[in-house]
Amino acid sequence: MLSILRFIVIVGAIFYYSPVRQQGEGTAALEALFTPKASAPAAPPPSTAPEGPGHLETVWKALPDSAKQAVVDKILTSSGLPVADAAKPADTLKPEDRALAAPKPRT
């Protein structure tokens, strides 16, 4: 019973101190947050960015080969896909490790 009352008090405190409640009562404050303001003009598109799909390609071609390889390696390691040219797991045992142990004499 005490845990139920504690839950009700905590939830009530959260709603009481909520910034939405302080702006206005009910759903009017929520609607005010999500509706765009009519008085603010839309931001113009930046004029420095060239238009068209070729911008990324020209940046890629401008990169040195070492930077291109670093980008590809980073993408492959973060994507979780297996790398095709990765070294295959090798056996670390030496031939003498594989040899059977000499039998112990019974005493």
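Is Lys61 buried or exposed? Lys61 is exposed, with a relative accessible area of 58%. Good morning, colleagues. Please bear in mind throughout that this is a predicted model.

Let me begin with the partner of Lys61. Glu57 forms a salt bridge with Lys61, and their closest N and O atoms are 3.3 Å apart. Both residues belong to helix H4, which covers residues 54–62. Four residues separate Glu57 from Lys61, which is about one turn of the helix. Glu57 is partly exposed, its relative accessible area being 45%. The structure holds one salt bridge, and the pair of Glu57 and Lys61 forms a salt bridge.

Lys68 is buried, yet has no salt bridge. Which side chain of opposite charge is nearest to Lys68? That side chain is Asp65, at 4.2 Å. Setting aside neighbours within four places in sequence, Lys68 is in contact with Trp60, Lys61 and Leu63.

Finally, I come to the start of the chain. Met1 lies in the segment before helix H1, which spans 2–16. Met1 is exposed, with a relative accessible area of 72%. Together with Ile4, Leu5, Phe7 and Ile8, Met1 forms a nonpolar patch on the surface. The accessible area of these residues together is about 590 Å².

Thank you for your attention.

Note on methods
Residues are numbered from 1 along each chain as its sequence is written. This is a predicted model: local features need pLDDT of at least 70, side-chain atom pairs count only at pLDDT 80 or more; totals for chains, interfaces and linings use all residues. Side-chain values use heavy atoms; hydrogens and water are left out. Patches are made of residues with over 30% relative accessible area and no salt bridge: like charges are joined within 9 Å, nonpolar side chains (Val, Leu, Ile, Met, Phe, Trp, Tyr) within 5 Å. Accessible areas come from the Shrake-Rupley method with a 1.4 Å probe; for residues, only the protein chains shown count as cover. A salt bridge is a side-chain nitrogen of Lys or Arg within 4 Å of a carboxyl oxygen of Asp or Glu. Helices (H or I, at least four residues) and strands (E, at least two) are DSSP runs, numbered from the N terminus. Buried means under 20% relative accessible area, exposed over 50%, partly exposed in between (1.4 Å probe, protein chains only). Lys and Arg count as positive and Asp and Glu as negative; His and the chain ends are not counted. Contact means heavy atoms within 4.5 Å.
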